[in-house]
Amino acid sequence: MDRDLKYTRNIGIMAHIDAGKTTTTERILYYTGRTHRMGEVHDGNAQMDWMVQEQERGITITSAATTTYWKYNNEDYRINIIDTPGHVDFTVEVERSLRVLDGAVAVFCAVGGVEPQSETVWRQADKYRVPRLAFINKMDRSGADFYSVVSQIREKLNSQPVPVQIPVGSEENFSGLVDLIRMEARIYSDDDSPGSAFRTESIPAGLLAEAEEWRGKLVEILAETDETLLERYVEDHKSITAEEILRALRKPVIDGNIVPVLCGASFRNKGIQSLLDAIAAFLPSPVDIGAVKGTDPRNNEEITRDPDKNEPFSALAFKIATDPFAGRLAFLRVYSGVLKAGDMVLNVRTGKRERINRLFRMHANKQDQTPEISAGDICAAVGFKDLRTGDTLCAIHKPILLESMDFPDPVLGIAVEPKTQADVDRLSIALSKLAEEDPTFRVKIDEDSGQTIISGMGELHLDILINRLKREFNVECNQGAPQVAYKEAITTSAEFREVFKRQTGGRGKYADITVEMMPADNGIRGLQFLNEVKGGNIPKEYIPSVEKGFREAMLNGPLAGFPLESLKIILKDGSFHPVDSDDLSFEIAAKQAFRRYSGKCHPVLLEPVMSTEVVTPEEYVGDVISDFNRRRGRVEGMESKAGSRVVRAKVPLAEKFGYVTVLRTLTSGRATSTMEFSHYEEVPAEIANRVVEITKGKIL
């Protein structure tokens, strides 16, 4: 069935942990008729939390996708929804989902307000320019404050929040909301029963003045962005109709200049229908977003693809998952053209063709098979041989490379080993499948000890991956103590010459390079390589081999074998032998040069530093701060929030192991903490020396 793309919405639900994302999604599925019974996170039967561990822990671990329908203004809207995790260890799930979404609903807790992970997902949405709505949830909770959260969105997230609703009552007296666009109240029944259990009535007399004030603010902000509305505003702002406001509101929301704010209590079934109406009314369709930009891999020229089924096919693989029944699934966002089951497409990264055997519409971990998917849609595909997160798939004779995704490096590693000999092969296969699914999960074999080291974004991340090894792959393994993912950097520059010469009878090996090694320019990660060789002293075909040699050498730094965060190499001169020189000779010369001279550039050890936020009762603030000081932490700020104090600090990850348990003891279990990776910084000399000794001696 052909559908008008303007009635499609690709949205994500994003928020801090425990703000109510999954509960909100469950209510959306119920009210749109996708499910006939509401799942609850605390009962472990939420549709979108389908993994056993998600049900046990009551958190979302993997982003789940589903498709549902909603009638608004007598039109049927198809809504593709991705419910993303809130825990910082799974931030990559949010990142890759936002990359392919057209809009998002940011859920905030009416009590907690803007929390650390709210800021993280907001920044990610800014990065991909995703228009969004704000839904202030849990208005029925003790301490709920709608207006405080609105001002936090403005101040902390540097955005322009515009309430289109205000609450009727709060905490246990929260009974409904005032629609500022239509100037009417929606009052919900007291029994919290599901269904369309609300009545529309005139605004309560005690709220009328407040509602008129907030509607005035809404119209005033819109008048700044819409000339037609500005004229009407000057004439008589009170006569402006709901239709005029709806028309004027849509464009600045899609442009990302305004964030409409709604309110409700998902667990009590209040405010969900209004949220669905707002998704249809304000968030963009693929047509509103317009053409996707990419490059032609044949000549690197910029090209575009319109969201049209008649354009050449293009899609982005934003997630790989292993399903026990369907096998390996690739989640695709189709930007243009049509993809049919059985089609052959081009994977631009590998340059190889892939056959897509079957296509599915997803509902969490269930699949509905479909013969074809067209532009603007999200689906899952089966049958590919070599596909990774971030790969572009396109029509074979009309290639396009879409912008891929950058993922953070893991900050924590642990050694694992199978418990029995029978598990050795199974462990290797299972780890490679998990690494395929999750770009922030890495597996490597330590050359000195022969141990398998798995690395991830935090203790919870690794704990869940080890749990998945047991449950999904039936692999039992022992694990070592967590190890911080240190890095190295050089701090001074040095110029040197390296000659690699080997004669073994017959053709030998020869390479001669003169190189300057120095710290990379600010903001550059990885290898910054500049070629300044003049006059063909080194033939052009050997230059990439020099670059490759240094890039590979960076994986083992001079201090303790940790990888270098960044490095700048200027290739200044050199020479070659017409017979003995080849690619391998120049690659080896680069590696030897790095090993011999990087230690003379004053290398230092870098450690991951975490942004930490602790919410604690006032009487424990002193204990929390002195504990941070013991952990080499820097307190960066404090503020009051809902009767508690919020302490923000930067603390090295090496000092954070077991922190939650210590915090519980210090505060009698009354404080909570969150942390996320901030940056790498230099380790103090005495601690660096100890780390180097331990690493070189492998006393782990």
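Trainee: What share of the 700 residues of the protein chain counts as buried?

Mentor: Bearing in mind that this is a predicted model, 55% of the 700 residues of the protein chain count as buried.

Trainee: And how many helices and strands does the chain have?

Mentor: The protein chain has 17 helices and 38 strands. If we look at contacts with a separation of 6 or more, residues 24 or more positions apart account for 72% of them.

Trainee: Let's take a strand, then. Why is S5 described as largely enclosed?

Mentor: Strand S5 covers residues 132-137, and because six of its six residues are buried, it is largely enclosed by the rest of the structure. In a regular strand the side chains alternate between the two faces of the sheet. For S5, Arg132, Ala134 and Ile136 are buried on one side, while Leu133, Phe135 and Asn137 are buried on the other, which leaves both faces covered.

Trainee: Which strand is joined to S5, and by how many bridges?

Mentor: Strand S4, residues 103-109, is joined to S5 by six bridges, and the two strands run parallel. Within that pairing, Ala104 stands opposite Arg132 of S5.

Trainee: What is Val259 in contact with, neighbours in sequence aside?

Mentor: Leaving out the neighbours within four places in sequence, Val259 is in contact with Arg132, Leu133 and Ala134, and also with Trp122, Ser159, Gln160, Pro161 and Val162. Val259 itself has its place in strand S11, residues 259-263. The C-alpha atoms of Val259 and Pro131 are separated by 7.8 Å, although these residues are 128 apart along the chain.

Trainee: Is Val259 buried or exposed?

Mentor: Val259 counts as buried, because its relative accessibility is 6% and the cut-off for buried is under 20%.

Trainee: Switching to sheets: in what order do the strands S7 to S10 sit?

Mentor: The four strands form an open sheet in the order S7-S8-S9-S10, with antiparallel pairing. Its edge strands are S7 (165-168) and S10 (198-201), each of which pairs on one side only. Neighbouring strands in this sheet are turned against each other by 25° on average, with direction ignored.

Trainee: How many bridges join S8 to S9?

Mentor: Four bridges join strand S8, residues 176-179, to strand S9, residues 184-188, and these run antiparallel. Leu177 stands opposite Arg186 in S9. Helix H6 packs on this sheet, where it touches S7 and S8, and the direction of H6 makes about 165° with that of S7.

Trainee: What about H6 and H8, at what angle do they pack?

Mentor: Helix H6 (residues 205-225) and helix H8 (residues 242-254) pack at an angle of about 55°, and their axes are 10 Å apart. That angle is why H6 is described as oblique to H8, and H6 passes H8 in a left-handed crossing.

Trainee: Which residues meet there?

Mentor: From H6 there are Arg215, Leu218, Val219, Leu222 and Thr225, and they meet Ala242, Ile245, Ala248, Leu249 and Pro252 of H8. The residues of this contact divide into eight nonpolar, one polar and one charged.

How values were computed. Residues numbered from 1 in each chain as written. Predicted model: local features only at pLDDT ≥ 70, side-chain atom pairs only at ≥ 80, totals over all residues. Heavy atoms only, no water. Axes fitted to C-alpha atoms, helices over the stretch in contact; angles between N-to-C directions. Parallel < 35°, antiparallel > 145°, perpendicular 65-115°, else oblique. Left-handed = near helix turned anticlockwise from the far one by under 90°. Contact = heavy atoms within 4.5 Å. Nonpolar A, V, L, I, M, F, W, Y, C, P; charged D, E, K, R; others polar. Buried < 20%, exposed > 50% of the residue type's maximum accessible area, 1.4 Å probe, protein only. Pairing = 2+ DSSP bridges.
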